[in-house]
Amino acid sequence: MNRFLPRIAIAALALALLSIPSAPAAYADDQPDGDVTWSMRPSDGAGEDGRAWIERELEPGESVVEHLLVRNLSASTVTFRLSAADGYFTETGRFNMLTADQESVGVGTWIELPDEVEVPSGGDAIVPFTITVPDDATPGDHPGGVASSIRTSSNGEFGIESRVGFRVMTRVTGELAPSLAVESTGTFTGSWNPFDPGRLDIGYTIDNTGNTRLAVAPQVAASALFGLVSFTVAGEPIAEMAPGESRSGTVRVSSVWPLFAYSTKVVASATGVSDELAAGETASASAASVVVAIPWAQLAAIALAALLIWLMWRDRRRRERLVSALIEQARQEGRESVSAGSARSSRRGAPVIVLVVLLAIALPVGGAPPASAADDADLRGPHGVVIHVEIARTPEVAPVAPVAPPAQVDRDVSLPRPNAPDFTALAGIGLAVMGVGAAAYVVSTRLRSPGRGSAP
């Protein structure tokens, strides 16, 4: 199909419109083969007047005549189609016009101009056109534009329209009401690594709900932990918005830690836009939202650390209880051993006590009656014998010593009188007999004891 299409190169001067697909080929007029280059600018009726576009302030019902200049830079004469349409601003801030297959309802219907103009090679054509504001037009800015175009077709069914033009901005007098509306949403994207921060995405939509063109500067603020953590990020500025238009944007903030919730606020500040007219009042709007930022990875790490600490604490407590039980068991066994040793010591000391008692009974038979230490001098006399006996008390809880020693016997013997009976030999024999008996008792007791030879 390309061999039937002429080659077309379009040079646009100063904010001219780019090529846009056209309506069906029924609107197309065949143009001469070869390159077609042209430009279109506002004019004062005599030539170019230096304006990039036309901007007028008119009252409802008012009409004004303006001019456009088409310059043909091609090598042959070209007939250009002329048209007017409503205008709008793209997401990138560039101005554009509705295509021929789209119906205009604003300025595109207010402009009257010829359908076409023929321009010779290297020549200019100045074309007047009229802007008539309807009586019921609403106050404010109304964007529109005019364009010159050529159409080409190959087989009568398909065609391409190429056009160049400029904007025609009309402000209808009356009360201006710049106004904005903002909506915002936000999401938090965390990391599986508890030592890595996440990302906060705050989206917003700004609507120009007023009746003037506005330049908007969005700004996003976020805070957490009752304002202890906060930051502000500027959004992409919007160069120009016509009334009724909407813009969307997203602010992405990296290296944000999940702090359960972020309070976000999108503030849009706007100023009026106009080259020749008063900018008017400024407008601003804001929208708040809450973004949930649960630190799942951090909570899982904390839970795991708490579990490990609890397991370590439980193991330590278990070992402490085990050591305490072993110590208590050892103490109990020691008390039982000491009790058994005390009983054995009591049984071992019984013969000694019997021996001492018998000696205490036997000795007075051969001598004077016992007396206290204070009366020793009176009782002793020249022919008497005084014996002092001290009985040591066996301790209640005997230590490791096997048997308490026998009672100590202190003997203070006076010289007997001549021909007096000698009780010394008798006492010695008695003590020897009782000692042998006590030894025999002890030996027999040890032989019968199951813990023979063990210390308490």
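Predicted model: local features only at pLDDT ≥ 70, side-chain atom pairs only at ≥ 80, totals over all residues.

Reader: Why is the contact between R252 and D201 called a salt bridge?

Author: The closest N and O atoms of R252 and D201 are 2.7 Å apart. The cut-off is 4 Å between a side-chain nitrogen of Lys or Arg and a carboxyl oxygen of Asp or Glu, so the pair qualifies.

Reader: What makes this pair a link between distant parts of the chain?

Author: R252 lies in strand β16 and D201 in strand β12, 51 residues apart.

Reader: How do you know whether R252 and D201 are buried or exposed?

Author: R252 has a relative accessible area of 54%, and exposed means over 50%, so R252 is exposed. D201 has 10%; buried means under 20%, so D201 is buried.

Reader: Why are R213 and E240 called buried?

Author: R213 has a relative accessible area of 2% and E240 has 9%. Both values are under 20%, so both residues count as buried. R213 and E240 form a salt bridge with 2.3 Å between the closest N and O atoms. These two residues also belong to a network of salt bridges with E55, D141, R167 and R171.

Reader: What separates D315 and R319 along helix α2?

Author: They are four residues apart in this helix, which means about one helical turn. Their side chains meet in a salt bridge at 3.1 Å, N to O.

Technical notes. Residues numbered from 1 in each chain as written. Heavy atoms only, no water. Helix = DSSP H or I, 4+ residues; strand = E, 2+ residues; numbered from the N terminus. Buried < 20%, exposed > 50% of the residue type's maximum accessible area, 1.4 Å probe, protein only.
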